[in-house]
Amino acid sequence: METPENEIFRDSISTINEEGKRAWVYPKKPSGKYYDKRKLVSYGLLAFLLASPFIKIGGNQFLMFNVLERRFNIFGFPFWPQDFHLFVISMIIGVVFITLFTVAFGRIFCGWICPQTIFMEMVFRRIEYWIEGDRNKQRKLARQKWDAEKIRKKGLKLFIFLIISFLIANVFLAYLIGSDRLLEYIAEGPLSHMGTLIPLVIFTAVFYFVFAWFREQVCVIACPYGRLQGVLLDTKSIVVAYDYKRGEGENGRKKFRKDEDRDALGHGDCIDCLQCVHVCPTGIDIRNGTQLECVNCTACIDECDHIMESINLPKGLIRYASEENIKNNVKFKLTARMKGYIAVLTILIGILTGMLFLRNEVEANVLRLPGQLYEHKEDNIISNVFTYKLVNKTTRDIQDVTLKLMSHKGTLKLVATSNSFIVPKQGIAEGSLFIEINNSALTGDRNKIKIGVYAGGKLIETCTANFLGPRSYK
Ligand code: SF4
Ligand code: SF4
């Protein structure tokens with residue numbers, strides 16, 4: 001079936017030309033109310049993103065995602081592998097939150113918060129404008145032969161891009177391995193830490209590739225979140241939208257002519273100046289309707305508002321609006337789907353809060369030594385050997401730690417250590433222990449026992465284990 005003419009734009013993507021080659025996008029430098037607000041938000045987020053790994057709360061890095069050692073800090077809360085369920089719930093909350101926002105407000109996350117957009121539009125693109133000039137100058141430079149001016153401008157730009165990519169890679173590494181370790185490696189000399197230097201070079205190369213060459217294609221073809229728009233958005237979602245009823249009128253858009261009565265001729269307010277297309281960083285024409293490529297950056301809103309102002313027409317031909325709002329003039333209201341997401345989000349946040357409050361600062365595990373049964377000793381004593389592991393999630397050493405058998409009369413003896421020990425801050429204490437219980441106190445071949453962990457005589461954690469005895473004593 002042949003594609004209708006007004007749908008042809010859906011057959012191709014804006015960054016690839018008819019020959020299948022890269023169509024480089026040279027967006028016009030945006031300006032206006034939304035761009036100014038986005039700059040403020042972006043600089044705040046950039047400061048947050050760059051500073052977070054270097055901020056400490058109670059001795060903990062504010063944000064850390066040490067995937068290799070499976071240690072995560074979120075807002076200064078340390079999460080250990082044992083807390084993985086909490087980490088997973090936090091991630092699910094993040095996904096539901098973004099989904100809810102997308103259903104209600106479209107790709108607002110992409111335009112205002114996504115690090116890719118912030119770095120691309122507010123850092124790399126602005127450097128490009130500074131060195132190469134605005135859209136027309138950039139296009140001219142691209143067509144120009146490789147003379148001294150072009151080599152100087154392109155060389156300087158790419159060199160600065162490389163330096164910034166290297167800095168971003170360092171910050172990224174600080175999130176992964178921790179800022180203390182990163183600073184330590186820098187002080188000791190990167191060459192003595194080749195295992196970290198190589199990933200750093202790879203990260204730098206990836207960031208450089210993304211921001212110097214791949215650019216808007218991350219949003220247009222690579223980002224999975226972008227691909228989800230088709231299922232998340234509906235006609236009630238608020239997106240950056242062209243008011244086609246007002247823009248097209250009865251007889252369509254038309255170039256502006258002074259002293260012409262557009263109303264009488266039945267033409268809409270769009271004067272087909274293409275400024276909204278020229279300013280678009282993903283190279284699309286928003287007048288074709290909502291498209292997956294649109295990152296809701298608002299640049300076309302600002303640009304069209306300038307045009308409307310210059311021809312004395314009301315602003316807002318392109319604005320934040322839903323399809324229903326434009327078609328039927330319906331105001332925004334919560335849909336059943338949004339209410340459902342809000343309910344799920346509230347429940348998940350409730351569960352996470354409860355779990356955070358119930359979370360222990362010390363995690364204890366006592367397990368029977370694999371392959372060992374029990375030993376029958378003198379005086380009808382049954383002995384089992386266990387391994388123990390105590391995880392201290394706090395930032396202070398826990399002193400004078402002892403383990404005691406709570407559920408049965410018997411003895412608990414640590415192997416190769418005195419009866420009390422220290423669990424180091426953010427560290428682990430582990431070893432083996434014997435538990436001896438009189439056979440008469442056992443109720444079968446498998447007995448659940450409870451062990452208490454005490455610090456300075458105060459109970460701080462309990463755990464259970466299986467104690468084996470002879471079958472005949474069931
Ligand atoms: S900027 Fe506004 S007036 Fe110009 S083409 Fe775009 S929608 Fe039409
Ligand atoms: S269509 Fe408008 S809001 Fe969407 S990406 Fe282009 S300029 Fe930004």
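A residue is called buried when its relative accessible area is under 20%, exposed when that area is over 50%, and partly exposed in between, with a 1.4 Å probe and protein chains only. The model is predicted, so local features need pLDDT of at least 70 and side-chain atom pairs count only at pLDDT 80 or more, while totals for chains, interfaces and linings use all residues. Residues are numbered from 1 along each chain as its sequence is written, chains are lettered from A and ligands numbered from 1 in the order in which they are written, and side-chain values use heavy atoms, with hydrogens and water left out.

Helices (H or I, at least four residues) and strands (E, at least two) are DSSP runs, numbered from the N terminus. In helix H17, Met338, Leu345, Leu348 and Leu352 are buried. Helix H2 (84–105) is included in what covers the buried residues of H17, where contact means heavy atoms within 4.5 Å. Helix H17 (residues 336–358) has 23 residues and should span 33 Å at 1.5 Å a residue, which agrees with the 33 Å between its end C-alpha atoms; the expected span is 1.5 Å times one less than the number of residues.

Ser165, in helix H6 (residues 148–177), counts as buried because its relative accessibility is 0%. Apart from residues up to four places away in sequence, Ser165 touches Phe124, Thr204, Phe207 and Tyr208. Gln138 lies in helix H5 (residues 135–143) and is buried, with a relative accessible area of 2%. Its contacts, leaving aside neighbours within four places in sequence, are Tyr26, Glu128, Tyr129, Glu132 and Gly133. Gln138 and Pro27 are 111 residues apart in sequence, yet 9.4 Å apart in space, C-alpha to C-alpha.Four strands form an open sheet in the order S13-S11-S15-S16, with antiparallel pairing; two strands pair if DSSP finds at least two bridges between them. Strand S13 (421–423) and strand S16 (458–468) stand at the edges with a single partner strand each, so one side of each has no neighbour in the sheet. Strands S11 (residues 398–405) and S15 (residues 446–455) run antiparallel and are joined by five bridges.

Ligand 2 is surrounded by 13 residues, the closest being Cys280, Cys294, Val295, Cys297 and Cys300, where a surrounding residue has a heavy atom within 4 Å.
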